[in-house]
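Student: I've got a model open and I'd like to learn how to read it. Could you walk me through it?

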Amino acid sequence: MSAVAPLHRTLEQELQALLRGASLECLVCGEFVLHAGGMINCPECSSSLRTGAGAAEPLAVPHSG
Ligand SMILES: [Zn+2]
């Protein structure tokens, strides 16, 4: 009943990598995104993510278990 856990975790990791600037691929279409003013914009599918919220604090998520 927990088959979706690995997939969700992978997506979350990709999202975190994208927010940290470690990844430059759009999560929606896979094209290169543009970092500008605390926002990540995809010129291909026009999706956008806000990075300002997590930029001030380190997004450290230790594996506890
Ligand atoms: Zn895109």
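We'll go from confidence to fold, sheet and loops.

Tutor: Some ground rules before we start. Residues are numbered from 1 along each chain as its sequence is written. This is a predicted model, where local features need pLDDT of at least 70, side-chain atom pairs count only at pLDDT 80 or more, and totals for chains, interfaces and linings use all residues.

Student: What is the mean pLDDT of the chain?

Tutor: pLDDT is the predictor's confidence in each residue, from 0 to 100. Here the chain's mean is 80, with 71% of its residues at 70 or more. Where pLDDT is low, the predicted coordinates should not be read in detail.

Student: Which pattern does the chain follow along the sequence?

Tutor: Helices (H or I, at least four residues) and strands (E, at least two) are DSSP runs, numbered from the N terminus. This chain has two helices and three strands, in the pattern α-β-β-β-α.

Student: How many of the residues count as buried, as a percentage?

Tutor: A residue is buried if 20 or more other C-beta atoms lie within 10 Å of its own, exposed if 12 or fewer, and partly exposed in between, with C-beta atoms placed from the backbone. Of the 65 residues here, 5% count as buried.

Student: In what order do the strands of the sheet come?

Tutor: Two strands pair if DSSP finds at least two bridges between them. This open sheet of three strands has the order β1-β2-β3, with antiparallel pairing. β1 and β3 (48–50) are at the edges with a single partner strand each, so one side of each has no neighbour in the sheet. β1 and β2 are joined by three bridges; H35 has I40 in β2 as its bridge partner.

Student: Where is G37 found?

Tutor: G37 is in the loop between β1 (34–36) and β2. G37 counts as exposed because 8 other C-beta atoms lie within 10 Å. Its C-alpha atom is 9.2 Å from that of R50, 13 residues apart along the chain.

Student: What is phi of S46 near?

Tutor: Most residues other than glycine have a negative phi. S46, though, has a phi near 65°, a positive value in a residue other than glycine. S46 is in the loop between β2 and β3, and is exposed, with 9 other C-beta atoms within 10 Å.
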